[in-house]
Amino acid sequence: MKTEIKNKPSVKKKEDELISGADLLVELLIKEDVKTIFGYPGGAVLPIYDALYRSDQDFKHVLSRHEQGSIFAAEGYARVTGKPGVVLATSGPGATNLITGITDAMMDSLPLVIFTGQVSKSVIGTDAFQEADLLGITTPITKYNYQVDDVRELPRVIREAFHIATTGRPGPVVIDFPKNIAEGISNVNYDTTIDLPGYQPTLTPNPLQIVKLLEALSKSEKPVILAGAGVQFAQASKELLEFAEKYELPVVNTLHGLGNFPGSHPLSLGMGGMHGTYTANNALYDCDLLINIGARFDDRLTGNLERFAQKAKVAHIDIDPAEIGKNVPTELPIVADAKRALKALLKTEVDMPDHGVWKETINKNKEEFPLWYNESEDFISPQWLMKKIHELSDGEAIVTTDVGQHQMWTAQFYTLDKPNRWVTSGGLGSMGFGLPSAIGAQFGKPDDLVISISGDGGFQMNLQELILLKQWNLPIKVFILNNAALGMVRQWQESFYEERYSESLLDMNPDFVKIAESYGIKGMKIRKEDQVEDALKEVFAYDGPVLVDFRIVRSEKVYPMIAPGKGINEMVGVTKCSES
């Protein structure tokens, strides 16, 4: 809970008065409607923290116990709200502890504005105490970065940073803040306009390209939509559903696109890619028209590019022109916001050829080659557990995951029907992401049920953030799928390294229940499937944070799987259902 501070001196607010850089920053954050900050103090940012202390604005400052916790939390906040996550860390190690999260946000297109403290300008370049070249370090992993040179630049820099982070393809922006700028005094003109001639994202699609895509659709006998996170960022789920239903187009989702098209819809084929469904991957392989909306054709989706959608005419709708044609040759490029492009496609109706054979093939694949698993008598089957969690949470939860086997089982078996309810690290695959991102998601959506699903390996990377569940009374349900291993590493060692388990077995795990209890959080340990339903009912009825250690089948693998170098249709672990 936030400590109440009485009789705080007020920050100066009149534009004709002198103001410090730190106080000015606080005023500008208020102008940007920032109410939540994830951060950790230190010497270089003490002036900023003092300004926050004295501000009349009721900021929620979430004090993580590691800077990586701050930035992963900001990502979770940004993912579920669409608003920029704001992070504040000190110079040197404080700033460098953010690097993984900045890279993660860049690869997953999440809007963050990150303030890093910096040593005073007079000693920059002298290897001063806790100095690090944040401009140099973050240039390749940010959408843009700044180092503030003058207090009077702040209104422009802050406004530009929030604009850049949230428009076009979202992404992280770093503002490096020397301590002397925070302490410097000046009178400032708040009036500033955004003038970025080199940054003008294309939002409206070219009408001719829309016509060409509709013409291609009118001739296609085996069309399929590939829907990525760009649909969610554009808030275009409603338009995607309308477009798919209008022409009865099957929809494959990327990992980050899950939820932007209802997973329970008859036209949904599920997730595509390395651990995607047989139906989705074969549709991508066999289609004659592939309409990519807001996905980046990454390697985990496509597999061997020489065997990906080779029979298809490819249309790609994306707000980032750099993604179009980067990996997959594209005949119909459409640079645009996904919502505007879909609205343009819906304005005109075209006649479609008969899709009867295509539909029959897809439905047959769904029936004969569903996702499958074996139940266990000794431990808990993780796939079955995901279905139970889905059932007993009514499929309405915001779900965050760490990275590994549990992530894929959740993506496969927790069916998502709504957007902005799926929070995972995709492009970078950052272990330690699950718990902090759940914290950020809960701050973003305080009235929603938030479930954090982690493996026993990833959970231990940021378990110190459990204290925030107690401090803020965040009713997050933390589920650990415990197989005493780095599960995905172990699976690859079994499949490709002749079962040489080099440093992948975690036989010395701590007692996670005792750890939870040491933080004042309710803990439970569940070993058998016949205990699961009652335990989950108790967890979801409990008005507060809970950690549950589920002991899952240790040797379980994630299937289907496309091995490295194989084509999207070359899946292993596919089982045909018997007709009986």
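**Reading the terms against the values**

Reader: What makes the radius of gyration of the protein chain agree with a compact globule?
Author: In this predicted model, the chain has 580 residues, for which a compact globule would have a radius of gyration near 25 Å, and the chain has 25 Å, so the two agree. The radius is taken over C-alpha atoms, and the globule rule is 2.2 Å times the number of residues to the power 0.38. Along the principal axes, the C-alpha atoms fill a box of roughly 80 × 60 × 40 Å.

Reader: What are the ground rules for numbering and confidence?
Author: Residues are numbered from 1 along each chain as its sequence is written, and side-chain values use heavy atoms, without hydrogens and water. As the model is predicted, local features need pLDDT of at least 70 and side-chain atom pairs count only at pLDDT 80 or more, while totals for chains, interfaces and linings use all residues.

Reader: Why is Pro-93 called partly exposed?
Author: Buried means under 20% relative accessible area, exposed means over 50%, and partly exposed is in between (1.4 Å probe, protein chains only). Pro-93 has 42% relative accessibility, so Pro-93 counts as partly exposed. This residue lies in helix α4 (residues 93-96); helices are DSSP runs of H or I with at least four residues, strands are runs of E with at least two, and both are numbered from the N terminus. The protein chain has 23 helices and 22 strands.

Reader: How do you know that the buried residues of α23 line one face of the helix?
Author: In α23 (residues 532-541), the buried residues are Val-532, Ala-535, Leu-536 and Val-539. Seen down the helix axis, they fall within an arc of 95°, so they line one face; the arc is that of the directions from the axis to the C-beta atoms. Asp-534 and Ala-541, on the other side of α23, are exposed.

Reader: What covers the buried residues of α23?
Author: The cover includes helix α16 (382-392) and the strands β18 (477-482), β19 (522-526) and β20 (546-551). Contact means heavy atoms within 4.5 Å.

Reader: What makes α12 a mostly covered helix?
Author: Eight of the nine residues of α12 (residues 278-286) are buried. Among them are Tyr-278, Asn-281, Leu-284 and Tyr-285. Across the protein chain, buried residues make up 57% of the 580.

Reader: What share of the contacts joins residues 24 or more positions apart?
Author: Such residues account for 76% of the contacts in the protein chain with a separation of 6 or more.
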